[in-house]
Amino acid sequence: MSVVRAGRVLVVEDEVTLARVVEKYLRKFGLEVSVCHDGADAVEAVRAFTPDVLVLDLGLPGLDGIEVCRRVRTFSDCHVLMLTARDDEVDKVVGLSVGADDYMTKPFSQRELLARVQARLRRIHQLDSAPRAEPTSSDRTVTIGDLVVDRAARQVHVDGEPVPFTRIEFDLLTALAEHPLQVLSRRQLVDMIWNAQWNGDEHLVDVHIGRIRKKLNDPAAAPRFIHTARGVGYRIGDGR
Ligand code: CA
C-alpha cells in the first residue's frame with residue numbers, strides 16, 4: 001500500500017515576519033513546510049529537506065536568490081517559484097534564465113501562492129501515480145527524427161544520447177511532442193504546464209524554450225525540432 005505524503009515546501013525569505021506568515025498559511029492546508037532566512041543555508045536545506053517546491057526570495061543577504069537557484073539546479077529539479085520585489089526584477093531574472101520555473105511579484109496574495117504551489121503538487125502527484133505497467137512502445141515514447149521523448153521514464157534522448165531535463169522543461173517538450181506539427185501558443189503552453197489561473201509573463205515560456213533548445217542543440221535560426229511561430233508560439237516538427 002502506498003502512502004501519499006504531504007507536499008513539501010521550502011520557503012527561503014529573509015523577512016522573518018513574511019516567512020512566518022507564509023509558513024503558517026501553507027501549513028494550514030496540510031503542507032509540510034520548512035523555512036530558512038539566508039541563501040547559503042537555503043542550498044543546504046534543499047539538499048536535506050528535498051522540497052517539491054522551493055519558494056525563493058530574490059533579494060537575500062549573502063547569496064542572492066539567483067545564485068541559490070543556480071546552485072540548486074546543479075543537483076535538484078524541484079519546482080522553483082521565485083519572489084521578486086518589483087515587476088522589473090522579473091524581467092531581469094527571466095533574462096538571466098537561471099532555471100526558476102515561476103515568478104511572483106511582492107506583495108502577493110497568500111491564496112495565489114497556495115494556488116500555484118498546489119497546482120504544481122497536483123501535477124507531480126499525477127505523474128507519480130500515472131500507471132507505469134508495461135506501456136506499449138508507441139504510448140511510451142514520442143519520436144521526432146533523432147529526438148526521442150520517453151514519457152514513462154521521463155527521459156529525453158537526442159542523437160542516441162540522454163539529455164538531462166528539469167520537470168518544467170520535460171513537460172514543455174512533451175506538450176509540443178504530443179502535438180506534432182501543431183502550433184501551440186504561449187498561453188496554451190502556460191495553461192498546460194503551469195495552470196489556467198497563472199497570470200504571470202508568458203515570456204517565461206520563451207525562456208524555457210531557449211533552455212530546451214540549448215540542451216537539444218537545436219538553434220532557433222536553424223531548427224531541427226522546435227520551430228517558432230512568430231508572435232504566436234511554438235511547434236515541433238517541420239512537416240517534411
Ligand atoms: Ca528579501
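What you're looking at is a predicted model, where local features need pLDDT of at least 70 and side-chain atom pairs count only at pLDDT 80 or more, while totals for chains, interfaces and linings use all residues. Residues are numbered from 1 along each chain as its sequence is written, and side-chain values use heavy atoms, with hydrogens and water left out.

**The calcium site**

- Which residues coordinate the calcium ion? They are D14 (OD), D57 (OD) and G59 (O), at 2.1 to 2.4 Å.
- Donors here are N, O and S atoms within 2.8 Å of the metal (3.2 Å for Na, K and Ca), and sites may look incomplete because water is not among the atoms.
- Helices (H or I, at least four residues) and strands (E, at least two) are DSSP runs, numbered from the N terminus.
- D14 is partly exposed at a relative accessible area of 30%, and G59 is partly exposed too, at 47%.
- On this scale, buried means under 20% relative accessible area, exposed means over 50%, and partly exposed is in between (1.4 Å probe, protein chains only).

- Five strands make an open sheet in the order 2-1-3-4-5, with parallel pairing; two strands pair if DSSP finds at least two bridges between them.
- At the edges sit strand 2 (32–36) and strand 5 (102–105), each pairing on one side only.
- On average, neighbouring strands in this sheet are turned by 20 degrees against each other, direction ignored.
- Strand 3 pairs with strand 4 (residues 79–84) in the parallel sense, over five bridges, and V55 has L81 in strand 4 as its bridge partner.
- Helix 1 lies across strand 1 and strand 2, and runs at about 170 degrees to strand 2.
- For these angles, axes are lines fitted to C-alpha atoms (for helices over the stretch in contact), and values run from 0 to 180 degrees between N-to-C directions; contact means heavy atoms within 4.5 Å.

**Salt bridges**

- How many salt bridges turn up in a search of the whole structure? The search finds 22, each one a side-chain nitrogen of Lys or Arg within 4 Å of a carboxyl oxygen of Asp or Glu.
- E178 and R151 form one of them, with their closest N and O atoms 2.7 Å apart. E178 lies in the loop between helix 7 (167–177) and strand 10 (184–185) and R151 in the loop between strand 7 (147–150) and strand 8 (155–158), so the bridge ties together parts 27 residues apart in sequence.
- K215 bridges to E169, the closest N and O atoms being 2.6 Å apart. K215 is in helix 9 and E169 in helix 7, so this pair ties together parts that are 46 residues apart in sequence.
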